[in-house]
Amino acid sequence: MSKSESLQKNNVDFLIIGSGIIGTALSIEIKKKYPQRSVLLIDKEKQTAYHSSGRNSGVLHAGFYYTADSLKALLCRQGNEILTDYCLTMKLRINQCGKLVVAKNESELEGLNTLSKRAQVNGVTLHEITEKEALELEPRVKTHQRALYSPKTSVIDPKEVLNHLLEQAQKMGVLFQADTAFIKNLGQQKVLTSKQEITAGYIINCAGLYADQIAKQYGFCKDMTIIPFKGIYLYSDQNPTVSPLKRHIYPVPNLNNPFLGVHHTITVDGKSKIGPTAIPAFWREQYSGLSRFNAKELVEISTQELKLFLNSNFNFRELALTEFKKYYKPNLVHEAQSMAKEVHLNDYKHWGKPGIRAQLFDLKKQALVMDFCYQGDSHSFHVLNAVSPAFTCSIPFARLMLEKIEQHLSSPMNSSPTADTETKAGDLIHGI
Ligand SMILES: Cc1cc2nc3c(=O)[nH]c(=O)nc-3n(C[C@H](O)[C@H](O)[C@H](O)COP(=O)(O)OP(=O)(O)OC[C@H]3O[C@@H](n4cnc5c(N)ncnc54)[C@H](O)[C@@H]3O)c2cc1C
């Protein structure tokens, strides 16, 4: 870093912590609207897209899972349209393969009806089709009598999209500094990082798995904490005797459970994978083995999970028991076999890169927070629970957050952060 560059980075109008899809999209929106203001985007990792934003299914969701009162419903359809256009215009890879939602038996047909109604209310295109029509769209699909077809669901390479957006941000004048961790709020708009002390007019926390901890330093996120849930994937080899799957195939989600269950995802290059699971993790970045082991987190998180297991709040016990079994390949493949024909255990040899959801947990209600959530005041803003489908929603979500930040900046200084916070809680299910 040259001397003038480092001076520039010591004193900025906006400091954004975390260069995942949310922080990056927000940096673009701020710079677009306020080109004269300085925006510094920092990330603790040397590599870009190291966490959730580079470790997800890459599905651009259509927006039919969520109840109309949620931010997810408000932002998903629009987010899908914007990112689809972005990829097509910028010539980034996108596979507009569509998605089928299938029923295993008679009892799941009601679930299809619920999703269909939600699609209507949310203005999302979703076709109710017969089993025969489903087979025409995907000859290997298995469903009971009927299915749903979402033509707008597609898939992109999330790392490619994020890196492209990050490049655009820098072209617009956003200063990006990797390998720089937020360490401490020093008060009076000063922040200690692993590289330098920064004074920022406004501080924005988009730190994913660590967003709750940073928010707490500013007096927010008091009764909430992040519980990490790990998603693992298994890739299928190309078996010459089996025709490759062409469409995503998802099960009917269990409304008592916040995750969508194992499904078949097609990648941008036409490969197929099964997953992701939702296995409770014991520390935030527990990607594999003892990687990034954190003893303090292990104690805190496993204590929390043990309490949930014993009390079985939100069916945690059942969820944990079912999900842990999916570490065993035959169990994971068995689940995928219920949705498609010719799914052979021997074809699924390669584990993909796992991702970890930064799932917010409400300590008072003892329940998972289902919708996106943000809190802020005239000094700082905190994006919490940017779980799926936050990648799809990222651009309209960033626009909405900028509006909220502008409102905070034009309101008188508020000394009591809790009085000036907003949490949106919506549906019972995520769209992964
Ligand atoms: C398994 C899985 C599958 C998913 N599938 C989909 C999907 O198909 N479609 C979809 O729309 N969404 C999907 N999602 C959700 C999506 O990936 C996330 O909602 C999105 O990536 C969140 O972005 P983010 O910027 O908030 O977080 P992140 O990408 O985690 O970015 C946060 C950044 O903050 C940085 N950071 C953390 N602490 C600090 C610190 N102290 N100082 C500086 N930097 C810090 C991290 O290094 C990281 O780069 C999936 C998620 C998972 C886990």
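Select the ligand together with domain 1 (3–52 + 159–223 + 370–423) and domain 2 (97–154 + 227–367): both domains give residues to the shell around the ligand, so the ligand lies between them. The domain bounds come from an automatic or database domain assignment.

This is a predicted model, in which local features need pLDDT of at least 70 and side-chain atom pairs count only at pLDDT 80 or more, while totals for chains, interfaces and linings use all residues. Residues are numbered from 1 along each chain as its sequence is written.

**The ligand shell.** Next, display the 40 residues around the ligand, of which Gly 18, Gly 20, Gly 208, Gly 231 and Ala 390 come nearest; a residue counts as near if its C-beta atom, placed from the backbone, lies within 6 Å of the molecule. Then colour α2 (21–33), β20 (355–362) and α11 (390–410), the elements that give two or more residues to this shell. Helices (H or I, at least four residues) and strands (E, at least two) are DSSP runs, numbered from the N terminus. By residue class, the shell divides into 20 nonpolar, 16 polar and four charged. Here Ala, Val, Leu, Ile, Met, Phe, Trp, Tyr, Cys and Pro count as nonpolar, Asp, Glu, Lys and Arg as charged, and the others, Gly among them, as polar.

**The core.** Now select Leu 15, Ile 22, Leu 26 and Ile 204, the residues with the most contacts inside the largest nonpolar core, which has 119 residues. Such a core is a set of buried Ala, Val, Leu, Ile, Met, Phe, Trp, Tyr and Cys residues joined through C-beta atoms within 7 Å, and buried requires 20 or more other C-beta atoms within 10 Å of a residue's own, with C-beta atoms placed from the backbone. The helix α11 gives the most to this core, with nine residues. Both domain 1 and domain 2 give residues to the core, so the core lies between them.

Centre the view on Leu 26. Leaving aside neighbours within four places in sequence, Leu 26 is in contact with Ile 16, Ile 204, Cys 206, Ala 398, Met 401 and Leu 402; contact means C-beta atoms, placed from the backbone, within 7 Å.

**The two domains.** Colour the domains separately: their C-alpha centres lie 30 Å apart. The contact between them takes 13 residues from domain 1 and 13 residues from domain 2.

**The whole chain.** Along its principal axes the C-alpha trace spans about 65 × 50 × 40 Å. Of the 432 residues, 49% count as buried.

Note on methods
A residue is buried if 20 or more other C-beta atoms lie within 10 Å of its own, exposed if 12 or fewer, and partly exposed in between; C-beta atoms are placed from the backbone. Two residues are in contact if their C-beta atoms, placed from the backbone, lie within 7 Å.
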